[in-house]
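Reader: I am new to reading protein models. Can we go through one together, feature by feature?
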Amino acid sequence: MGIEALASPSRQVALLTVAVALVELVTPVPVVLGYLYVLPLLLLSETAPPARIWRYVALSCALTLANLVVPHITPPDGSVLTNRLIVCGALVLSASQCVRIQALQRQRLQLEGQLAVADLRRDFV
């Protein structure tokens with residue numbers, strides 16, 4: 001495996017996701033590090049279609065909530081559960097903004113293309 005394979009965006013997203021998940025598993029349950037899933041989400045949102053972004057958010061939320069039961073089952077304290085649900089909400093909000101920005105960029109490119117075609121037609125008339 002060369003440097004090029006490690007530098008691919010999907011590989012970076014996978015490595016960052018695994019790193020965040022492992023760090024979250026070794027920290028105490030009251031410490032919520034799920035916000036760090038935003039970094040791979042931003043990398044993913046540059047090239048991925050919206051469906052893949054939403055799948056990643058579902059995975060990130062599942063990993064954030066899984067820390068309540070994975071190392072050892074902890075009776076859910078209200079504040080810990082609330083913090084983790086807030087992180088999930090923040091991830092969903094971040095993903096919706098990424099998808100919205102993608103749509104706006106597509107719309108801008110489409111309008112620029114239409115403008116270029118109109119300029120070309122004007123030059124020929």
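Reader: Is Arg 122 buried or exposed?
Author: First, a caution: this is a predicted model. Exposed means over 50% relative accessible area. Arg 122 has 56%, so Arg 122 is exposed.

Reader: Which side chain does Arg 122 meet in a salt bridge?
Author: Start with the general idea. Side chains of opposite charge can pair when their charged atoms come close. Here Arg 122 pairs with Asp 119, at 2.5 Å from N to O. Both are in helix 5, 3 residues apart, so about one helical turn separates them. Asp 119 is partly exposed, at 31% relative accessibility.

Reader: How many salt bridges are there?
Author: The count is 3. Another one joins Glu 112 and Arg 108, with the closest N and O atoms 3.0 Å apart. These two also lie in helix 5, 4 residues apart. Glu 112 is partly exposed at 42%, and Arg 108 is partly exposed at 45%.

Reader: Which salt bridge links distant parts of the chain?
Author: Arg 84 with Glu 24, at 2.8 Å from N to O. Arg 84 sits in helix 5 and Glu 24 in helix 2, 60 residues apart. Both residues are buried.

Reader: At what angle do helix 2 and helix 3 cross?
Author: Roughly 170 degrees, with their axes coming within 9 Å. Angles over 145 degrees count as roughly antiparallel, and therefore this pair, helix 2 and helix 3, is roughly antiparallel. Residues in the contact include Leu 16 of helix 2 and Leu 43 of helix 3. The contact residues divide into 5 nonpolar, 2 polar and no charged.

Conventions:
Residues numbered from 1 in each chain as written. Predicted model: local features only at pLDDT ≥ 70, side-chain atom pairs only at ≥ 80, totals over all residues. Heavy atoms only, no water. Axes fitted to C-alpha atoms, helices over the stretch in contact; angles between N-to-C directions. Parallel < 35°, antiparallel > 145°, perpendicular 65-115°, else oblique. Contact = heavy atoms within 4.5 Å. Nonpolar A, V, L, I, M, F, W, Y, C, P; charged D, E, K, R; others polar. Salt bridge = Lys/Arg side-chain N within 4 Å of Asp/Glu carboxyl O. Buried < 20%, exposed > 50% of the residue type's maximum accessible area, 1.4 Å probe, protein only.
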